[in-house]
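Please keep the sequence and the structure in view while reading.

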Amino acid sequence: MARPKIPLLSRDRIRTAALALIDRDGLPELSMRRLAAELNVQAASLYGHYPTKDDLLDDIARGIMARVDTSAFAAGDWRHGLVSWARSYRAALATHPNFVPYLAAGPGTREENLRAADAVHGGLITAGWPPREATLIGAATRYLVMGATLGSFSRGFVDDAHLYRDRYPHLDQAHLLRAKADEIDADSFELALTAFVDGLSLRYPPETATAERLS
């Protein structure tokens, strides 16, 4: 029997094609009809695997979030755990920045999200942080990571020196930023993360910090 010219559909193939389309054209451009055209099939063929577009997006989200590593909290050092988690989180999201808005707005009901939140919250509480502060730290770290992956600061500039130099004297090197975007984006995230953790360290141990604020 001759092989079919078009590979059989699978959830993995659909997810891969959907994420490639999002990476290339942006999240708003994804539709089941357009995805079907990318796969050279009819849209109805997709619905046997994913009844709705949200089902597909949730499955993609699970795959991305499964790459986030929270295991460093098990060592008992909250600073190391927080930094390691944040770096892993950013690495997972930075691979697909066009998908980050969905992750930012998505519901907190996915197994991968809840497992990570539980590990982070538990690690911080075990280290001595009160539950409310542990919640705030987890949320603040998430904001830091999301902000660092939603877009590139450096890629917002163009390589025309005169555009900046003639009107904005303090931006006379701005035309060089785009060519070093990866380096600047990574280093700025590390700077923010380090400053964040150093600031938290001034409040730790929480009991002492609380007593000093009340005195």
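## Phenylalanine 99 and the nonpolar core

In this predicted model, phenylalanine 99 touches Leu19, Ile22, Leu27, Leu57, Ile60, Ala61 and Ile64, when residues up to four places away in sequence are left out of the count. Phe99 is also named, together with Leu35 and Leu93, among the residues with the most contacts inside the largest nonpolar core, a set of 47 residues. At least two residues of this core come from each of the helices H1 (11–25), H2 (32–39), H4 (53–65), H5 (78–94), H6 (100–105), H7 (111–126), H8 (131–149) and H10 (181–201). Of these contributions, that of H5 is the greatest, with eight residues.

As general background, nonpolar side chains in soluble globular proteins tend to be buried together.

## Threonine 70 in a loop

Threonine 70 lies in the loop between H4 and H5. Is this residue, threonine 70, buried or exposed? Its relative accessible area is 16%, and because the limit for a buried residue is under 20%, threonine 70 counts as buried. Setting aside residues up to four places away in sequence, the contacts of threonine 70 are Trp85, Ala116, Ala119 and Val120.

## The second largest pocket

The second largest pocket has a volume of about 150 Å³, and the elements that each give two or more residues to its lining are H5, H8 and H10. The lining consists of Arg90, Ala94, Pro97, Ala148, Thr149, Gly151, Ser152, Arg155, Asp182 and Asp185.

## Aromatic pairs

The count of aromatic pairs in the model comes to seven. One of the pairs joins phenylalanine 153 and phenylalanine 157, whose ring centres are 5.3 Å apart and whose planes meet at 70°; since planes over 60 degrees apart count as edge-to-face, the pair is placed in that class. The two partners can also be described by their accessibility: phenylalanine 153 is exposed, with a relative accessible area of 55%, whereas phenylalanine 157, at 14% relative accessibility, counts as buried. These assignments follow because exposed requires a value over 50% and buried a value under 20%.

Elsewhere among the aromatic residues, which ones are linked into a cluster by ring pairs? The cluster is made up of Trp78, Trp129 and Tyr204.

Definitions and conventions. Residues numbered from 1 in each chain as written. Predicted model: local features only at pLDDT ≥ 70, side-chain atom pairs only at ≥ 80, totals over all residues. Heavy atoms only, no water. Core = buried A, V, L, I, M, F, W, Y, C linked by side-chain atoms within 4.5 Å. Buried < 20%, exposed > 50% of the residue type's maximum accessible area, 1.4 Å probe, protein only. Helix = DSSP H or I, 4+ residues; strand = E, 2+ residues; numbered from the N terminus. Contact = heavy atoms within 4.5 Å. 1 Å grid on protein atoms, 1.4 Å probe; cavity = no way out; pocket = protein on both sides within 12 Å on 5 of 7 lines; lining within 4 Å. Points joined across faces, edges and corners; volume = space filled by probe spheres on them. Phe/Tyr/Trp six-rings, centres within 6.5 Å; stacked < 30°, edge-to-face > 60°.
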